[in-house]
Amino acid sequence: MRKSPFVVLFLVLCGLAAAQEFRATLTGRVTDASGGAVAGAKVEVKSATTGAVQSTVSQADGSYQVPFLTPGEYAVTVEKEGFRRAVREGIRLQLAEKASLDFSLQLGEVSQSVTVEANTSVLETETADRGLAIENNRILNTPLQGRNVFANVWSAPGVTLTAAVQRLRPFDIAGSSALAISGGQPSGNEVLIDGVSNLARAGQVAYVPQVEATGEVKVQTTMYDAQNGWTTGGVVNVITKSGGNEFHGAVFEFLQNTHLNANTFDSNRNGIGRSSSHINTYGGDINGPIRKNKIFGAFSYEKIDQVIPDPFLVSVPTALQKSGDFSQTYYSRNASGQLLAAGIYDPFSTHADGTGKLIRDPFPGNQIPANRINPIAKNVLNLIPLGNVAGNAITGLSNLASTGGTRKFTDFFPQYTGRVDYNISDSTRMFVRYSRNALAEERDFKYSTNSAFNVADTSSNSPFKRENHSATIQLTKTLSANSVLDFRAGLARFLGQSGSSIGANFDLASLGFSSQFIGQAARFFPKFNWVNYQGAGSSPVNNDPIAQTNSFQGTYMHIMGKHSLKTGGEFRLQRAYRRVPGFSAGNFNFDIDFTGANPISKDASSGNAIASFLLGTATAGSYIDVNSFPALQQRLFSWFVQDDIRATSRLKINLGLRWDYLGSMTDRFNALNRGFDRTSPSPLKAPGVDLKGGLLFAGAGGQDRGIYDRSWGNFGPRLGFAYSLRDKTVIRGGYGLIYGQTFDDPGSAPGFSQRTDMVTSIRTGIPENTLTNPFPAGILRPVGNSLGLATFLGQGFNFNNPGRNIPMTHQFSLEVQRELPWQMMMSVGYVGSRIERLQVNQSINEIPLSALALGASELTRNVSNPLAGLIPGTGLNGATVQQQQLLRPFIQFTGLTQLFNSIGDSRYDSLQALLYKRFSSGLNISVSYTYSRTFEHRSFANAQDTQLIRLPAQWDIPNNLQLNGVYDLPFGQGKKFASHAPRAQATDQRMADQRHCPHPAGLASRTGLQHGAHRRQPQA
């Protein structure tokens, strides 16, 4: 057979560059009255919305297949000389559906027609893939949390919500991403809009489409079609709404305001009145013909305007504490009910008693003398407001509550989507879509008021921004009755921004810092953390991430007898830019350590974080950052071939093979590490010690630019079958090996980003440096890769494992589907998965297990330091060091963590049941139940362990019941009753019950019931 040069070129490109199909496929068989196959019958499928026509002819066995059909309503016409024309109208096709529709032709003239209203079977007889489609009427009318279409996905069997979601708005991307599908990893799913990737950094949902702009949503919970990949669990598929030959439109508004809201519990308890509160969500959409039967347009707009109170109850120092007086700072009561004051001790008085035990002298009267108060602490505390409520009866904590004058929680979020479809000819169709949204949020203020910002405020969301650009262009070309070509390109760009602009350009001299510190630190208000208290300051504004995914896909389909062959390829370019200055003016921690009675242990009866702050004695973990701004990139290539075989009229077999390649991550400036050398001699020479080990760098010293080794052997076979046991019963099952995409960003690279730790203590219990000049040896500056193995001596850091590999999932299932009356379907089946090569982080510089028997006192004993004077500016430069440091494998470093070790695994087993009713007679409903268990090997019980422990996954929820439905009342225009009145609003509800999650609070039990919100849509 002679091939078109265009087709040959495309097939070559597929070999270099796998498309994931979101449109529907209609298949079936044409027979005569006796059941014999009718070959050569013309099958024409016509869209009831746009008038677009797609045709094919039946094969020798009477089978036909029409791919790439936009979900919606169709009329199907079959004609053959010598037979009456057969017409089926009202055929509704869903997103990514493989629907079956058979025809039995009657003898007669072609000019004679037999027309009936019909629909495809609710049974899935063509494929083993499992999933649930949410039709447009449910999307539009179900009262979604925050009007986020991804909440619909919870309704499918095998889907588990893995985050405590209070409200799920379109910009709440963490909640939108937090799904475990068929035992897959949370945020490990593929998410597609109009068939193109909608992920930032390979796991985070970027853009959430508007409700009015969404056509359908489908979650695919098993992957037996080789078109689908790049997931550890499932695929969430969203298609946007297109226009048609008739105009339609809607306007809406959802609102909350002060008069409709009740006061909060805390405000009532503290005698604070109801605050002003306003939330308005409004918008509309319009779609229709630009040129009838040819060009169609759709546009949707929505905006959220929110100005609401931001309730809080936090702890701030009292006036006495600010002055250094802790005589009325209590921690408990004695047996007679008398309040007990926490003792405040002088850390600089630390000494050994007669027995060798370290002790400290108390400050007389629990008062710090005025001449001992650090001026920086005094100036900062002057910025902190006093409490406005009584607080705890003993400790006085929780003494500052929000009021009507507190700065509000504001959100302003406009979003819009525009789409144009063009039927170029009966054989060529295309569409273009562009979507954008932009969140501007400010919240979490504690000290600022409606009239003024407080530079010491701790808000890390001032501003908080999220912005998306999502776009695609797609072209479908019918080459012949048996061959179709499809091409698409897509863009997903996401900007996330947080931090604080309040402290920008702050004059550090006004607080009293030394000139040395001022000359090296950024002009920003520092961050101060006080245990049990709110603290002061925040982090500078950061952009993390600026992420972009560009995707290019192509699919070629050819029908040949009983075989429906598809092959295709995909190329993705994933980029992420991180603009995170970190705490470039310092992040200082204060707790009870330095003002407690015991220098080596903590006790609630002594010490106070504010007292430690007044002395300027920061504790371990205080630091200052000088960060690089990486520009990361990785490439993904996929190729697949799929053969759907009509083995018999009852048995369909799906065979496929997919190859996935995830390229190594690189940085534009090679500012990345490439693992840790454990064997080479260290450039640092110390008497009596053989030092080995150090960092390796991408693109330096003979190392590859990519920070991960390449893996070319990721081939995944797929096998599925569907056997129609009887006309209304189908047995389906399959197996698939699927590879998951990852974006394993190791974070700030040692050498290129530099953190200088404050040396707070060298001699046990005695402060070394104070807040006035926290870094007397100077702030360390990035040295890049110039120091080689000597990089970050005396410090701890994380580094990537170059040998990491991408996770792979073995999926398998066996189910029985039964068609019930009233277009209902019942499904019961087993679904399981086994995931290998999950990423695990591991500490590699811990003391050996045998050394733990020495005990804490021996391990923390100060001994002579062989590294003394060799590593200035670090805690390992002093004359003495704790003995445990010398027991580490690499004593010239502190804590070392190797990231992304592909040694974890997961096991998932489930019983899944679904009762589904296709939309008819005004009712569309699904009830799903999943009993499942998920166990993982993902962590070490102890730092010295070599074997991973087996634990239930944090999202292991054995019992999960989901009910989702909508019922259109039979009242109003076009309905049975009161047909001349305005159309009645549909009533609907969504109920979810997820029980028994064994891990952290907030995931332990989630049960919710939401009732429908009223909405009126005038028809344009």
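Visitor: What makes the approach of N237 to Q220 a polar contact?

Guide: The side chains of N237 and Q220 are joined at 3.0 Å. A polar contact is a pair of N or O atoms within 3.5 Å; within protein, one must be able to donate a hydrogen and the other to accept it, and neighbours in sequence count only if both atoms belong to side chains. The value of 3.0 Å is within this limit of 3.5 Å, so the term applies. The model is predicted, with pLDDT of at least 70 required for local features and 80 or more for side-chain atom pairs, while totals for chains, interfaces and linings use all residues. Residues are numbered from 1 along each chain as its sequence is written, and side-chain values use heavy atoms, without hydrogens and water.

Visitor: Why is N237 counted as buried?

Guide: N237 belongs to strand β18 (residues 235-240), a strand being a DSSP run of E of at least two residues, numbered from the N terminus. Buried means under 20% relative accessible area, exposed over 50%, and partly exposed in between, with a 1.4 Å probe and protein chains only. The relative accessibility of N237 is 0%, and therefore the residue counts as buried.

Visitor: How do you know that S182 is buried, and what is its phi?

Guide: S182 has 1% relative accessibility, so it counts as buried. Its phi is positive, about 50°, although S182 is not a glycine. S182 is placed in the loop between β12 (179-181) and β13 (190-193).

Visitor: Why is N532 called exposed?

Guide: The relative accessible area of N532 is 52%, and for that reason it is classed as exposed. N532 lies in the loop between β32 (527-530) and β33, and its phi, near 80°, is a positive value in a residue other than glycine.

Visitor: What makes two rings an aromatic pair, and when is such a pair stacked?

Guide: A pair of aromatic rings is described by the distance of the centres and the angle of the planes. Rings of Phe, Tyr and Trp (its six-membered ring) pair if their centres lie within 6.5 Å; planes under 30 degrees apart are stacked, over 60 edge-to-face, and the rest tilted. The count by this rule is 32 aromatic pairs. F552 and F571 form one that is stacked, at 6.3 Å centre to centre and 15° between the planes. The pair links distant parts of the chain, with F552 in strand β33 (residues 542-560) and F571 in strand β34 (residues 563-579), 19 residues apart.

Visitor: Are F552 and F571 buried, partly exposed or exposed?

Guide: F552 has 39% relative accessibility and therefore counts as partly exposed. F571, at 19%, counts as buried.

Visitor: Why is the pair of Y708 and F900 called edge-to-face?

Guide: The ring centres of Y708 and F900 are 6.3 Å apart and the planes are at 70°, so the pair is edge-to-face. Y708 lies in the loop between β41 (692-697) and β42 (715-726), and F900 in strand β50 (residues 896-920), so parts 192 residues apart in sequence are tied together. Both Y708 and F900 are buried.

Visitor: What makes R419 a charge over the ring of F431?

Guide: A charge sits over a ring if NZ of Lys or CZ of Arg is within 6 Å of the ring centre and within 35 degrees of the ring normal. The charged end of R419 sits 3.8 Å from the centre of the F431 ring. R407 likewise lies over the face of F453, at 3.9 Å from the ring centre.

Visitor: What makes a space a cavity, and how much space lies in the largest cavity?

Guide: On a 1 Å grid over the protein atoms alone, a cavity is a set of points where a 1.4 Å probe fits but cannot get out, and lining residues have an atom within 4 Å of a point. Points are joined across faces, edges and corners, and a volume is the space filled by probe spheres set on them. The largest cavity holds about 570 Å³. Its lining has 41 residues, with A96, E97, K98, E124 and K218 nearest its centre.

Definitions and conventions: Helices (H or I, at least four residues) and strands (E, at least two) are DSSP runs, numbered from the N terminus. On a 1 Å grid over the protein atoms alone, a cavity is a set of points where a 1.4 Å probe fits but cannot get out, and a pocket is an open set with protein on both sides within 12 Å along at least five of seven lines; lining residues have an atom within 4 Å of a point.
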